[in-house]
2 protein chains.
Amino acid sequence: MSDTREAVLAAARSRAQAHGYTGLNFRDLAEEVGIKGASIHYHFPSKAALGAAVAKRYREDSAAGLEKMWSKSQDPAAVLKRYPGIFRKALEDGNRMCMCGQMAAEYDDLPDEVKVEVKGFADDHMAFLAKVLTAAKPDTSAAATRQRARAIYAAVTGAQLLARSRADLKAYDETIEAYRVMGLFTP
Amino acid sequence: MSDTREAVLAAARSRAQAHGYTGLNFRDLAEEVGIKGASIHYHFPSKAALGAAVAKRYREDSAAGLEKMWSKSQDPAAVLKRYPGIFRKALEDGNRMCMCGQMAAEYDDLPDEVKVEVKGFADDHMAFLAKVLTAAKPDTSAAATRQRARAIYAAVTGAQLLARSRADLKAYDETIEAYRVMGLFTP
DNA sequence: ACCTGAACACCGTTCAAGT
DNA sequence: ACCTGAACACCGTTCAAGT
């Protein structure tokens, strides 16, 4: 892994969170890194390959973050309560979105190799939530747990999308609070 | 209003639902309508103007649809129950998104005149939901009602975004069902 | 009134060629 | 191994000209 490759990946990740896959462009990315647009091609054969690499890395980092949170606390209720904070961070940091939420919106325009990672990101999150929910309530049916995990993931994504179009962190917090009151995050 | 202008508007609407504002381009649109790209400028001075016109029309049609549903039924519980079906329709019709949800994801790249309509669409929907909720429970505080309306809108949007990236209507239905069970649609 | 062809300036993508 | 120049395709836009 060269430094240049890593620098491109980092720049692309930041840009993809704000502008999606479509908003990724070699020339701006290169300028940020200090090379020419064409040079990115040496590290990533195509835009699709770059997009897939960025999404894959994002997915991996996210999964690692979730596991770290879980292994540290082992407290399902606490983890579920903290979960929406992960998505809040992107909004705090320049009104960005979760990259895979952003890319889900442009799903039909994504190369297949990127689609796989975007879908995988959601799968990872829902599987993680299901695991935590099961730890809290082992007797709940797998189907009901899956359904709850999906509801949590969709709600948090929707709240982020809504808050973003108003550049309003408070809107995010209040929406999450409404879900909390309804017991969405309570196993 | 000429037929051509209407045809461009219709083509642009369909395309924007699938590909967003960025995915709109004059040449493809023109081809669909049977004219040349340059000719669209006779009807819409710029891409921003076209985008704003499309979003505005979409917003107006949507608001009219909500009001029609309400005036026909006057039953808050029934209307709330039917609300998620509106967003389901877009998925049914070629795995499309609600246009303004789609555009919310690319919000930072939108011209101001388009932003106004995207934000207005969400405002319309939340105001409508608040109205219906108030009709059912007049004694609930305005703040609590607003919060619930926001939660409903965000949840439905999130469910749509999730279902879309799997081209899976059942995922949408099951997510909505999870919210229903939690009482999200029950005033 | 409505549409077109040609041109413009710009930008992302690609690839043969450079070091 | 790593990078670039230059060509290419495509974009929104303009405008004189056509019907």
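Predicted model: local features only at pLDDT ≥ 70, side-chain atom pairs only at ≥ 80, totals over all residues.
**Entry 1: chain A as a whole**

I began with the secondary structure of chain A. I counted nine helices and zero strands. Read from the N terminus, the elements run α-α-α-α-α-α-α-α-α. I then looked up the radius of gyration of chain A, which is 18 Å. The globule rule gives 16 Å for 187 residues, and the two values are close, so chain A is as compact as a globular protein of that length.

I noted the extent of the C-alpha trace next. Along its principal axes, chain A spans about 55 × 30 × 30 Å. What share of the 187 residues in chain A is buried? I found 51%. I also looked at contacts in chain A between residues at least 6 apart in sequence. Of these, 69% join residues at least 24 apart.

**Entry 2**

I turned to chain B and its helix pairs. Two packed helices are described by the angle between their axes and the distance between the axes. I looked up both values for each pair.

The axes of helix 4 and helix 5 of chain B come within 10 Å. They cross at roughly 150°. Angles over 145 degrees count as roughly antiparallel, so helix 4 of chain B is roughly antiparallel to helix 5 of chain B. The crossing of these two helices is right-handed.

I listed the residues that meet. Helix 4 of chain B brings L66(B), M69(B), W70(B) and S73(B). Helix 5 of chain B brings P76(B), A78(B), V79(B), R82(B), Y83(B) and I86(B). By class, this contact has eight nonpolar, one polar and one charged residues.

I then checked the link between the two helices. Helix 4 covers residues 47-73 of chain B and helix 5 covers 76-92, with Q74(B) in the loop between them. Phi of Q74(B) is near 60°, a positive value in a residue other than glycine. Most residues other than glycine have a negative phi.

**Entry 2: helices 5 and 8 of chain B**

Helix 5 of chain B has another partner on my list, helix 8 of chain B. Their axes come within 10 Å and cross at roughly 30°. Angles under 35 degrees count as roughly parallel, so helix 5 and helix 8 of chain B are roughly parallel to each other. I recorded this crossing as right-handed.

Which residues of helix 5 of chain B meet helix 8 of chain B? I found L80(B), Y83(B), P84(B), F87(B), A90(B) and L91(B). From helix 8 of chain B come I152(B), Y153(B), V156(B), Q160(B), A163(B) and R164(B). Sorted by class, the contact has 10 nonpolar, one polar and one charged residues.

**Entry 3: helices 7 and 8 of chain B**

I stayed with helix 8 of chain B, residues 142-164, and paired it with helix 7 of chain B, residues 112-136. The axes come within 8 Å and cross at roughly 125°. Helix 7 and helix 8 of chain B are therefore oblique to each other. Their crossing is right-handed.

On the helix 7 side of chain B I listed F121(B), A122(B), H125(B), M126(B), L129(B), A130(B), L133(B) and T134(B). They meet T145(B), R148(B), A149(B), R150(B), I152(B) and Y153(B) in helix 8 of chain B. The class count for this contact is nine nonpolar, three polar and two charged residues.

I looked up T145(A), which is found in helix 8 of chain A. Is T145(A) buried or exposed? At 6% relative accessibility, T145(A) counts as buried. Leaving aside neighbours within four places in sequence, T145(A) is in contact with A130(A), L133(A), T134(A) and T140(A).

N95(A) sits in the loop between helix 5 and helix 6 of chain A. Phi of N95(A) is near 55°, again a positive value in a residue other than glycine. With 14% relative accessibility, N95(A) counts as buried.

My last stop was E174(A), found in helix 9 of chain A, residues 169-182. E174(A) is partly exposed, with a relative accessible area of 27%. Which residues does E174(A) contact, leaving aside neighbours within four places in sequence? I found Q147(B) and R150(B). I also checked E174(A) against H41(A), 133 residues apart along the chain. Their C-alpha atoms are separated by 44 Å.

Notes. Residues numbered from 1 in each chain as written. Chains lettered and ligands numbered in written order. Heavy atoms only, no water. Axes fitted to C-alpha atoms, helices over the stretch in contact; angles between N-to-C directions. Helix = DSSP H or I, 4+ residues; strand = E, 2+ residues; numbered from the N terminus. Parallel < 35°, antiparallel > 145°, perpendicular 65-115°, else oblique. Left-handed = near helix turned anticlockwise from the far one by under 90°. Contact = heavy atoms within 4.5 Å. Nonpolar A, V, L, I, M, F, W, Y, C, P; charged D, E, K, R; others polar. Rg over C-alpha atoms; globule rule 2.2 N^0.38 Å. Buried < 20%, exposed > 50% of the residue type's maximum accessible area, 1.4 Å probe, protein only.
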